[in-house]
Amino acid sequence: MCGIVGYIGDKKATPIIVDGLSRLEYRGYDSAGIAVFKDNKVQVEKYEGRLSVLADKVLEKDYNGTIGIGHTRWATHGAPSDANSHPHTDQTGDIAVIHNGIIENYMKLKEWLIEEKGVSFKSETDTEVIAHLINYYYEGDLLDAVFKTIEKMEGAYAIAVVCKDEPDKIVAVRKDSPLIVGLGKGENFLASDIPAILKHTRDVFLIENDEVVLLTKDRVTIYNELRQVQAREIYKVTWDVESAEKEGYEHFMIKEIHEQPKGIHETLNRRLNSEGIIELDEIKITKEDLDKINKIYIVACGTAYHAGLVGKYAIEKFAKIPVNCDIASEFRYRDPFIDENTLFIAVSQSGETLDTLAALREAKRRGARILSVVNVVGSSVARESHDVFYTWAGPEIAVASSKAYTTQLTAMYMIALHMGLTKGALSRERYDEIIAEIGKMPEKVQSILDDFTDIQHLAGTQFNNESVFFMGRGLDIDVAMEGSLKLKEISYINSSAIAAGELKHGTIALIEDGTLVVALATQDKLYEKMLSNIKEVKARGAHVVAIAKEGNKEVEKSADTVIYIPDTMDELAPILSVVPQQLFSYYVAVARGCDVDKPRNLAKSVTVE
Ligand code: F6R
């Protein structure tokens with residue numbers, strides 16, 4: 001997803017901006033560009049491809065400018081190309097703009113600029129429209145021109161602008177796309193994400209929606225849409241950029257898989273009081289509120305959606321409230337039945353996923369109470385929710401989610417238990433028993449991680465498959481969906497997850513000699529049924545890798561390989577059964593030589609529809 005970095009101060013801007021952009025590479029991008037001053041001109045350099053392509057070209061040119069803006073682009077309007085990369089300039093080349101997000105009415109604006117103003121466009125992007133509009137409104141005051149321009153723009157965006165005639169300022173705007181300002185001494189920074197500027201400062205202003213910021217090297221002024229100056233408290237960043245680096249692991253993904261015991265421990269233990277009761281200070285839902293809630297929607301995308309499916313199961317089971325779990329991009333268009341007795345739970349690692357955010361807004365508009373389960377502090381989803389449960393997974397850099405998922409599961413269980421106890425739907429005894437078992441999860445996950453070599457070996461024998469099927473019953477199918485997504489996104493193997501009982505209704509036709517089937521058989525109640533399903537696919541020639549609980553040895557008779565997870569209660573098995581699947585996907589992708597941390601066509605934070 002696109003990234004923004006800006007610098008204004010006394011140092012050379014180019015190396016600072018390029019370094020900042022490199023901290024945002026994990027978000028996914030296909031081109032990069034920069035605008036800095038040289039010899040009283042705004043110089044723009046932008047190239048399709050990796051940031052190193054840009055860095056090689058600009059770092060040797062010795063731009064002397066101490067102000068600049070830089071961008072990594074993830075294509076939306078117009079294919080990845082040098083011309084479509086940001087920054088974009090007006091006709092004079094004096095005004096340069098970078099932009100994250102989408103300008104929805106750009107076609108109308110573009111036609112108007114072409115027909116009425118005779119502007120000729122150099123790119124296929126929506127962003128270029130902004131540069132021309134600013135030029136149209138420019139009468140010697142960049143801030144004023146930007147204000148006038150954004151009045152005409154519809155959509156979600158963060159933009160940053162520099163202008164040749166005002167070489168002592170950067171103007172930036174946030175509307176539904178993240179933007180922060182880093183505060184230095186005699187210098188200031190601008191970025192779409194905190195890691196981009198953390199090397200330079202830990203003092204940050206979080207810019208709100210519809211705010212415009214004017215940065216000079218000594219001052220940062222924030223305006224609301226009525227051009228009134230806004231006071232802002234400094235947000236002190238306490239986490240370390242080191243934790244966003246690989247620490248000796250070959251890839252971020254494997255590092256993050258190994259960080260799961262810690263993430264689960266933090267998410268749980270930081271919220272347990274001395275009596276072992278979950279205290280959710282961030283959630284202000286009282287017993288009276290809960291008694292009124294007659295329906296819950298859990299809404300999310302991708303992996304977070306898969307965590308939501310387990311959340312649905314847990315809330316229905318422990319709190320006895322009916323739950324729908326929806327894919328965010330579908331939810332917002334299907335006219336869901338929502339009123340003030342509805343609780344809407346958004347699940348999102350980044351907190352910036354546009355589909356999730358849009359669904360949240362729609363639910364809020366219709367009167368629902370909004371609770372979010374989010375990893376990134378201060379993100380849009382968190383800020384627009386009534387109540388927030390932060391998963392303390394730490395920064396997740398690999399595009400494929402791992403530790404975010406297991407901490408989301410932990411969060412969902414905790415929310416379900418909290419609701420169950422508050423409502424009186426769950427006995428204190430049962431509650432204590434489940435909390436105690438969640439408390440053992442870090443150790444149990446660790447034991448699976450310690451035995452990684454068996455899974456690595458298995459991946460070494462199976463990495464050449466053309467397609468893989470995952471199957472399970474009950475909670476196992478929810479986790480099988482996550483296993484399947486993990487494999488396809490990082491190894492590019494065609495995989496799908498199927499409820500084992502559905503096999504005979506169609507999918508079994510695809511099973512032939514040697515087809516790899518990963519069968520999850522962790523649910524005691526459904527174990528016998530799963531054994532029959534494994535036999536069904538074995539009889540058609542499948543090669544079966546089963547995931548089962550320690551002690552359930554019967555499965556060895558029909559599966560080719562069995563991966564055991566430590567014994568646990570059925571309800572909590574997802575936290576464990578996903579781990580061998582993550583490891584398997586990771587080692588398969590490595591064996592296939594894939595770019596594990598940055599799979600093709602994918603982005604970490606999907607801020608477009
Ligand atoms: C898959 C993955 C994605 C995200 C999805 C939602 O490994 O990471 O499917 O889960 O894009 O992202 P967030 O959780 O940031 O809303």
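Before the strands, a note on terms: I count two strands as paired if DSSP finds at least two bridges between them. Helices (H or I, at least four residues) and strands (E, at least two) are DSSP runs, numbered from the N terminus.

**Ground rules.** I am working with a predicted model, where local features need pLDDT of at least 70, side-chain atom pairs count only at pLDDT 80 or more, and totals for chains, interfaces and linings use all residues. Residues are numbered from 1 along each chain as its sequence is written, and side-chain values use heavy atoms, with hydrogens and water left out.

**Domains.** I looked up the division of the chain and found domain 1 (3-238), domain 2 (244-439) and domain 3 (449-591); the bounds come from an automatic or database domain assignment. Between the C-alpha centres of domain 1 and domain 3 I noted 47 Å.

I then checked burial, where buried means under 20% relative accessible area, exposed over 50%, and partly exposed in between (1.4 Å probe, protein chains only). Strand 4 (residues 67-73) has 7 of its 7 residues buried. Ile67, Ile69, His71 and Arg73 are buried on one side, and Gly68, Gly70 and Thr72 are buried on the other.

Next I traced an open sheet of 7 strands in the order 5-6-7-8-12-13-14, with antiparallel pairing. Strand 5 (88-89) and strand 14 (229-230) are its edges, each pairing on one side only.

Helix 5 (residues 142-152) packs on this sheet and touches strand 7, strand 8, strand 12 (211-215) and strand 13 (220-223). Contact here means heavy atoms within 4.5 Å. The direction of helix 5 makes about 160° with that of strand 7; axes are lines fitted to C-alpha atoms, for helices over the stretch in contact, and angles run from 0 to 180 degrees between N-to-C directions. Helix 4 (residues 127-137) lies across strand 5, strand 6 and strand 7, at about 135° to strand 6.

**Strand 7.** Why do I call strand 7 largely enclosed by the rest of the structure? Because 9 of the 9 residues of strand 7 (residues 155-163) are buried. Gly155, Tyr157, Ile159, Val161 and Cys163 cover one side, and Ala156, Ala158, Ala160 and Val162 the other.

Strand 6 (residues 95-103) pairs with strand 7 in the antiparallel sense over 9 bridges, isoleucine 98 having alanine 160 as its bridge partner. With strand 8 (residues 170-175), strand 7 makes 4 bridges, again antiparallel; valine 161 partners valine 171 there. A hairpin of 6 residues joins strand 7 to strand 8.

I found an open sheet of 5 parallel strands in the order 22-21-23-24-25. Strand 22 (494-499) and strand 25 (561-565) are the edges, each pairing on one side only. The twist averages 20° from one strand to the next.

Helix 17 (residues 527-539) packs on the sheet, touching strand 21, strand 23 (516-521) and strand 24 (543-549), with its direction at about 170° to that of strand 23. Strand 21 (residues 467-472) pairs with strand 22 over 6 bridges in the parallel sense, and glycine 472 has alanine 499 of strand 22 as its bridge partner.

On a 1 Å grid over the protein atoms alone, a cavity is a set of points where a 1.4 Å probe fits but cannot get out, and a pocket is an open set with protein on both sides within 12 Å along at least five of seven lines; lining residues have an atom within 4 Å of a point. Grid points are joined across faces, edges and corners, and a volume is the space filled by probe spheres set on the points.

How many cavities of 30 Å³ or more are there? I count 4. The largest cavity holds about 70 Å³, and its lining includes Arg73, His77, His86, His99 and Asp126.

The second largest pocket has a volume of about 560 Å³. Of its 24 lining residues, Cys301, Gly302, Ala603, Lys604 and Val606 are the closest to its centre. Helix 9 (302-319), strand 18 (342-348), helix 11 (354-365) and helix 16 (475-491) each give two or more residues to that lining.
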